[in-house]
Amino acid sequence: MNHLLNYIIWNPDLEAFHIGPMTVRWYGLMWIIGLALAYLVVKRLYKEQKIKDELFDPLFIYCFFGILIGARLGHCIFYQPEDFLTSWKGFVEMLLPIHFGNDGSWLGKTFGFFLTGYAGLASHGGTLGLIIALWLYVRKTKLSIWTVLDNIAIATGTTACFIRLGNLMNSEIIGKITDVPWAFIFEKVDSMPRHPGQLYEAIAYAILFGIMWYLHKKMTEKIGTGWYFGFCLTYIFTFRFFIEYTKEIQEPFEASLPIDMGQILSIPFIILGVYCTVKAKKQAL
């Protein structure tokens, strides 16, 4: 077993810090940091484009709930429908951050359920939820849908990066067994060296943000055409499609599929991304 010393032993504490009786977990903290960075980036973009502050103010609320609701429903419907869509308890657990049962806590003993947080979020559902939320936002503000989508796309890499770092801290969405020297041994899972798929994605999304920020400075005129939105979707979900080959399947039913659920769900977003970039290019001719 001496060869295991060549790999990275990964077993971080799930809790980042405590505020009185409240525990802040790394996963939630990474979500907050990612959303906060995107908030600051889009706020600056709105300022550069001289869009009124009162039109920007509600954007964060739309994005937050769109991503959260979409990611939760996406996970439950696409990955665990047998758990959440076959009973009223499962349906309630899909919508609320609770689990029915008695874990020994006051809530469990008194009411028969306890708080769990939303244990299970899917990025594809979060993307779809965000798009729907932004559509509702532009109906209210009367801004151009393509301008809003492009601005969000420029900032997306920051949030996506930190969400995947949150997955890494949780030792979830693990990779397949490998002998590469940078393999991680996720001690919360097993003692086998595995691809750190979460880290691969986090790095890819950080690079995406760098590319988008550079391009927006060079091609400001493309904001509002849908080009940035299309490029963002194509980049993220093409990368996501191929990185799935390094990951373990998340649910047993995926073993019988020619490609896993993450890849299946990526294909429509890749198609939409390519369509938007081509449409924007044709408009520029």
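**Notes on the predicted chain**

1. Overall make-up: the chain's secondary structure comes to 11 helices and seven strands. Here helices (H or I, at least four residues) and strands (E, at least two) are DSSP runs, numbered from the N terminus. Bear in mind that this is a predicted model, where local features need pLDDT of at least 70, side-chain atom pairs count only at pLDDT 80 or more, and totals for chains, interfaces and linings use all residues. Residues are numbered from 1 along each chain as its sequence is written, and side-chain values use heavy atoms, with hydrogens and water left out.

2. Size check: a compact globule of 285 residues would have a radius of gyration near 19 Å, and the chain's 20 Å agrees with that. The radius is taken over C-alpha atoms, and the globule rule is 2.2 Å times the number of residues to the power 0.38. Along the principal axes, the C-alpha atoms fill a box of roughly 60 × 50 × 40 Å.

3. Of the contacts (heavy atoms within 4.5 Å) between residues at least 6 apart in sequence, 63% join residues at least 24 apart.

4. The sheet: three strands make an open sheet, ordered S1-S6-S7, with mixed pairing. Strand S1 (8-10) and strand S7 (193-194) stand at the edges with a single partner strand each, so one side of each has no neighbour in the sheet. Strand S6 (residues 184-186) pairs with S7 in the antiparallel sense over two bridges; pairing requires DSSP to find at least two bridges between the strands. In this part of the sheet, Phe184 sits opposite Arg194 of S7.

5. Met212: this residue belongs to helix H9 (residues 197-218). Met212 counts as buried, with 0% relative accessibility. Leaving aside residues up to four places away in sequence, Met212 touches Ala153, Ile154, Tyr228, Phe231 and Cys232. Gly157 is 55 residues from Met212 along the chain, and their C-alpha atoms are separated by 8.4 Å.

6. Two backbone angles to look at: Lys142 has phi near 65°, a positive value in a residue other than glycine. Lys142 is in the loop between helix H7 (123-141) and helix H8 (145-169), and counts as exposed at 69% relative accessibility. Ile173, in the loop between H8 and S6, has phi near 55°, again a positive value in a non-glycine residue.

Technical notes
Buried means under 20% relative accessible area, exposed over 50%, partly exposed in between (1.4 Å probe, protein chains only).
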